Structures are given as C-alpha cells and as structure tokens.
Amino acid sequence: MERLGRVNLAVEVKELVKVYPGGVAAVRGLSFVVEEGEIYGLIGPNGAGKTTTLRIIATLLKPTSGSVRVFGLDVVREAPRVRRIISYLPEEAGAYRNLTGYEYLSFMARLYAASRRDAEEMVEEAIRISGLGDRIHDKVKTYSKGMKRRLLLARTLMVRPRLAILDEPTSGLDVIHALHVRRVIRDYARSHGVTVLLSSHNMLEVEYLCSRVGIVHQGRLVAEGEPRRLIEEHGVGNLEEVFAKVVGGA
Amino acid sequence: MLRVLVVKELKDLLRDRKLLIGMILAPLLIYVAMGAVMSFSIRESMRAVEERVEKGVELGLMDLDKGPYSTLLRQFLERFMRARIVEVEPGPPSKVLRKLIAKRVPALLVVPRGFSRNISRGLRGFLEVYVEIGDLSISSMALAGVYSSIPERFSQYLSTIIISNSSSVNPVFAKDPVGGVSKALFAGSEVDMALLQSMMGQAFMLPIAPMLVVGYAASLAAMSIGVEKEEKTLEVLLSLPIGRRGIVLAKLTSSLAIAALSSVSMMVGLAYYISSVSTSIGGGFGTSIFGFVGPEGLAMFAAAVFLSVLLASTLGLYLGSFGEDVRSAQSMVGFVWIVATVPLYLAMFSDLALDPPQRLLAIASIPFTAPLMVLKALVSSRLLYAAVSMASELLVLILVILLLAKRFEGEKLLVGRGGARRRRWGTLLVKRRA
C-alpha cells in the first residue's frame with residue numbers, strides 16, 4: 001500500500017468494518033487501494049461485502065470503523081466533495097420510467113455541468129456511449145433491461161468522474177449488451193483516464209477489464225494482484241480457478 | 001391449485017406488517033375513533049344544551065300586542081320554561097337582537113299587534129322568534145331549536161286551555177291556535193331557519209372534501225418515495241452531488257405544487273357543490289356557508305386546506321420512506337388518514353359559541369383541524385381559534401420537515417430499521433421448525 005504513495009491513490013480503504021443495524025457484519029477489516037487511472041475489480045461470492053464496500057465508497061453508507069478516502073477525501077467527513085468527483089452505478093439501478101432516455105440524461109447532466117453547453121456536451125457523449133440511437137427519445141419504461149443498463153452506464157460515465165464505481169455492470173445482460181458495456185468501460189477509462197472500481201461475478205469480464213483484482217470473502221480481502229499474476233501464483237488455468245481455490249480454502 | 005395460490009397470496013400480503021397496519025388496522029381504528037369522537041361530541045353538546053335549558057333560557061320579549069294572550073305567553077315562559085325575560089322596546093328585530101346578544105341574551109320573541117285579538121276571535125295567532133346561531137354545530141342548532149319551539153309549545157299549552165274552556169270552538173283552531181316563524185341571526189345576517197338547516201347539512205359534508213384531498217396528497221407523496229425505492233433510483237439519487245436537504249426540498253416543492261393544484265381543484269368543486277345545494281332550496285351562493293364567509297374568508301379557508309394538504313404530503317413522504325416499495329409506502333399512509341380524519345370530525349362537532357374555550361383550544365391545536373376550525377371561526381367571528389389552528393399546523397409541519405431532513409441525512413433510508421428484531425423472529429422460527 002505504501003509503495004504507491006498517497007498522491008496517486010484514487011481509493012484507499014483501511015481496516016473497513018461495516019455492521020448493519022441488527023448485527024449483520026458485512027465487512028470485517030477490509031483494506032485495499034486503487035491507483036489513479038486503473039480499473040480495479042472486486043470479486044467475491046454473494047454476501048462477501050462487495051456491494052456494501054462500494055456503497056461506503058459512494059458515500060451512501062457510513063463505516064462502522066476504519067476509513068475510506070477517495071482522492072484523499074474522507075467519505076464520511078467530506079461526503080459532498082466526494083460526490084462531486086465520483087459517479088456510482090448500483091447493481092440493480094433503475095431510471096425514471098416516465099422520462100425519455102434523453103430527458104433522464106439531461107436531468108443528470110444539469111446536476112454536474114457548469115453551463116448549459118457543458119450539459120449538452122455531456123448528453124451528446126452519453127447518447128454516443130449508450131448506442132441507443134433514436135430510441136433515446138423513447139420513454140425509459142419502453143426499454144429492455146440491456147438498453148436501460150446502457151443508458152445508466154452512459155449516465156455514469158458522461159459526467160467524466162475521477163472515479164467510476166460500477167457494481168456488477170453487466171449483471172443480467174445478454175452477451176451482446178454485456179460486450180458493449182465492457183467495451184465502453186475499457187475504452188472510456190483509457191481515453192479519459194477515469195479510474196474505475198467495479199465488482200463482478202464474471203471472471204472473464206474481470207480478466208478482460210481489470211488491471212488488478214481483489215478477491216473478497218466474508219468481508220475480508222483474501223487475495224489481490226494482477227489477474228495474470230494471480231493465475232501464475234496459484235498455478236491454475238484461469239481466474240475462475242484462482243477464485244475457487246482462494247475462496248474454497250479461505 | 002387455487003388453494004395453493006390463495007395461501008401464497010395471503011402469506012405474501014399478511015406478512016407485510018406495514019400493509020396490515022395500513023389496510024386492516026387503520027380503517028378499524030378510523031371508525032372506532034370516529035365513533036368515539038362523535039358520541040363524545042354529541043353527548044357533550046346535548047349536555048351543554050340541557051344545562052342551559054335547566055338553568056332557564058334567556059330571551060328578549062318585544063310585546064307589540066299587550067293583550068291577555070301575550071300576558072299568558074309571558075306566564076307560560078316563566079313558569080314552564082323558566083325563562084328570564086328581558087323586555088325590549090319596539091324596533092327592527094335584527095337590530096334589537098344584536099343589542100340583546102351584546103348582553104348575552106341569544107334570542108328575541110316578537111308578539112305582533114293583534115295576536116290576542118286573533119286568538120279571541122278563533123283565528124290563529126303568530127309569533128316571531130329570532131335566534132342567534134353562534135356556530136354551525138349540533139349544540140347551537142339544538143339550542144336554537146329550544147327557542148324556535150316556543151310557538152309550538154305555547155300552542156299546545158293554549159290548546160288545552162281553549163278546549164277545556166269552550167266546547168263550541170273550531171277544532172282545527174283549538175288543536176293548534178298559535179303558529180310561529182323562526183329566523184336566525186347567523187354570522188351577522190338574518191337567515192331563514194330552513195336555509196340554516198341546509199347550511200348545517202353542507203357543514204357536515206365539509207370534512208369529507210379536505211379529508212379526501214389530504215388522503216390523496218399523503219398517498220401521492222408516499223408513492224413518490226416508494227417509487228424511488230421500487231424502481232431502484234434512490235441509490236443513484238443519493239450519490240449525486242446534491243445535498244440531501246436539496247432532495248427533500250425538491251420533493252416538498254413538487255408536493256407543494258400538487259397541494260396547491262389539489263386545493264384549488266377542491267375549492268372549485270366544493271364551491272360548486274355548496275352553491276348548487278343552496279340554489280336547489282331557493283337560496284344561492286350568497287346564502288351558502290361560503291357566501292357568508294365572503295372572498296377573504298374563502299381565501300383563508302383555501303389557505304388552511306393548502307396547509308393541511310402540505311402537512312399530509314410531508315407526513316406521507318416521511319412515513320413512505322419507511323416502506324420498501326410502493327405498496328408498503330402507501331400502506332403507511334393509513335396512519336395519515338387516522339391522524340387527519342378524527343380531528344376533522346372532532347372540529348366539526350365542536351361548538352365555538354358554546355363549548356369551553358380550553359377544549360376548543362385543545363382541538364384547534366390538533367393537526368389537520370385547520371380547514372374546519374378556520375371556517376367555523378369565520379362564521380362565528382371567533383378568529384382566535386383559526387389563528388391557533390393554523391399556527392399549530394404550521395409548527396407540526398416544520399417538525400415533520402425536520403424529521404424528514406434527518407431521515408434523508410442518514411443511511412436508514414437505504415438500510416431501513418428493525419433488522420435485529422426481524423432476525424430474532426427469523427431465528428425463533430427456524431428453531432421452532434427444527
């Protein structure tokens with residue numbers, strides 16, 4: 001962690017613990033860092049604490065203990081400033097059904113943009129990212145799940161956040177839509193230098209997208225590194241087998 | 001197959017505790033509470049009237065007849081109604097009654113010239129009764145009934161005397177020798193009793209309109225937060241670079257717009273309803289309850305409705321935030337109906353002229369009574385109760401806004417509460433099954 005130096009850190013999670021009201025401990029001392037400009041993947045079985053961690057980084061939940069910093073800003077004490085530089089895509093996010101895709105993007109753009117012109121540029125970019133074409137002028141309630149996800153991803157990226165937090169970005173999508181989403185994430189992160197922190201169950205996706213991954217199990221980080229290095233270290237054929245080995249032996 | 005499906009549906013519905021409260025407990029509580037409120041109010045109203053009658057009624061007497069039967073009438077009033085009579089000089093009855101009201105004498109009985117001469121000739125005599133109606137309530141109307149029944153009661157008394165003294169008298173006359181005309185002084189104007197009865201009917205309908213608007217407003221507001229949760233838009237909304245208070249303010253502003261539209265729509269509908277009822281019985285808008293309060297009064301009533309609707313929206317938004325989806329958010333609104341309906345009826349049955357001021361101030365302090373209290377305060381010229389009611393509603397509104405802002409500040413909006421309790425119940429069930 002120290003080797004990276006604080007200036008280059010997009011996300012710094014230290015000894016993070018989250019216990020929900022009712023006593024369920026979702027995260028139990030999780031620590032990891034995400035470098036600026038990288039695509040970092042959090043992987044782990046259901047209930048490992050991935051979504052809780054992302055929600056804490058997105059300032060939606062407060063940690064029980066530990067600390068989380070985004071570009072040096074504390075997510076609890078400086079939450080409003082953190083919200084200005086991040087963009088969060090929840091796993092099962094929806095959009096306002098009775099707005100058109102265009103209206104939805106315009107509404108979101110106006111919250112971030114300094115001027116009307118900036119907002120228009122953001123929307124234009126989002127339309128391009130989403131690939132929805134003329135359907136952008138249809139109401140969201142007429143969209144398929146894949147179209148909705150593309151719209152939401154476009155919304156997340158169009159604001160050019162310093163950190164994009166994507167929770168299961170391709171969950172429930174068919175191959176075509178999933179491919180589109182993955183390509184958009186990779187290209188956008190590269191071309192705009194956006195740091196991406198994502199969670200996924202799909203090991204292929206993680207291998208394709210992420211420069212580094214962290215495997216989370218029962219609220220703790222059990223392995224971390226570049227996908228190829230992890231595969232070599234564990235002497236297996238792919239990341240899925242690393243995952244099974246690490247989680248199974250944890 | 002059907003049984004299996006029905007069991008599934010029932011389990012799904014009945015295990016939603018919010019739905020149970022909103023859909024089953026709330027309607028039960030509303031009617032139980034309304035029944036208790038109405039029976040209490042009616043009992044108290046009647047007791048207040050009986051007490052006044054037992055003490056003896058007070059009335060002014062304008063005797064333009066000065067004959068034997070007007071003397072008999074005076075004796076009847078003093079003996080059988082324990083009336084305390086205040087003699088008044090001849091003059092326009094409404095003007096004389098206003099002077100009497102200033103001396104806390106609420107009624108005037110006018111015995112016209114020729115009253116005794118008519119009865120002596122076997123012709124029907126007529127009395128005029130003028131009564132002050134302090135408020136459109138059961139007690140005021142019951143008390144007015146005591147005064148307006150004087151001609152009929154005297155007629156029965158006189159009838160027995162006439163029948164026992166003479167056998168050759170016209171039986172139609174002997175059965176009912178005295179008739180009467182009753183007029184009321186209501187909100188400073190002279191009104192026919194029949195019109196007043198109609199207004200009383202209108203007044204009983206008045207709580208229904210605000211109640212419906214309040215209910216819809218609360219439901220709409222609860223739905224707006226329920227939809228955010230159900231459609232999974234809330235998480236994104238809360239992660240945007242806008243203050244949580246901004247989100248609350250935006251939701252409240254849109255509720256405010258809906259509340260304003262709703263209030264205007266209700267006022268137009270209610271004015272049409274009241275006007276058409278008044279017209280159908282020979283009056284018009286001027287003789288309706290709205291006509292009496294005038295444009296300024298109507299504006300005040302609309303403002304009170306607006307305040308109640310805004311409070312309902314805010315409360316709906318706050319309670320709705322405890323639901324997980326649209327269904328449970330809306331079922332929480334059942335609480336608003338209980339909170340709003342019972343006080344509205346409590347205000348309806350109260351009498352601003354006759355009830356103890358402490359009780360009236362307590363009722364005026366309850367949220368959602370403002371529309372009724374304002375209207376009643378305007379017709380009875382007791383504006384203190386309108387002011388107290390509006391101020392109290394405003395205070396509660398501010399309190400709910402603060403609670404709402406606090407709710408949006410924390411993470412409970414996303415994670416909810418009661419996890420521990422639910423888990424314990426779940427553990428208990430698993431253990432029992434094991």
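**Exercise 1. Where along chain A does Gln218(A) lie, in terms of strands S9 and S10?**

Solution. Start with the ground rules: this is a predicted model, where local features need pLDDT of at least 70, side-chain atom pairs count only at pLDDT 80 or more, and totals for chains, interfaces and linings use all residues. Residues are numbered from 1 along each chain as its sequence is written, chains are lettered from A and ligands numbered from 1 in the order in which they are written, and side-chain values use heavy atoms, leaving out hydrogens and water.

Step 1: find strand S9 (212-217) and strand S10 (220-225) of chain A; Gln218(A) sits in the loop between them. Helices (H or I, at least four residues) and strands (E, at least two) are DSSP runs, numbered from the N terminus.

Step 2: check the backbone. Gln218(A) isn't a glycine, yet its phi is positive, near 50°.

**Exercise 2. Describe how chains A and B meet.**

Solution. Chain A brings 27 residues to the contact and chain B brings 22 residues.

Step 1: get the area. The two chains bury about 2,200 Å² between them, with 58% of it on carbon and sulfur atoms. In chain A, Leu60(A), Arg83(A) and Tyr96(A) lose the most area to chain B, together 27% of what that side buries. Buried area here is the accessible area (1.4 Å probe) that two parts lose on being put together, summed over both.

Step 2: look for charge pairs. A salt bridge is a side-chain nitrogen of Lys or Arg within 4 Å of a carboxyl oxygen of Asp or Glu, and three turn up across this interface. Lys18(A) forms a salt bridge with Glu411(B), their closest N and O atoms being 2.7 Å apart.

**Exercise 3. Which residues line the second largest cavity?**

Solution. On a 1 Å grid over the protein atoms alone, a cavity is a set of points where a 1.4 Å probe fits but cannot get out; lining residues have an atom within 4 Å of a point. Grid points are joined across faces, edges and corners, and a volume is the space filled by probe spheres set on the points.

Step 1: list the lining: Leu136(B), Ala203(B), Leu206(B), Ile289(B), Met348(B), Leu372(B), Leu375(B), Lys376(B) and Val379(B). The volume of this second largest cavity is about 30 Å³.

Step 2: find the main contributor. Helix H17 (residues 370-379) of chain B gives the most to this lining, with four residues.

Note on methods:
1 Å grid on protein atoms, 1.4 Å probe; cavity = no way out; pocket = protein on both sides within 12 Å on 5 of 7 lines; lining within 4 Å. Contact = heavy atoms within 4.5 Å.
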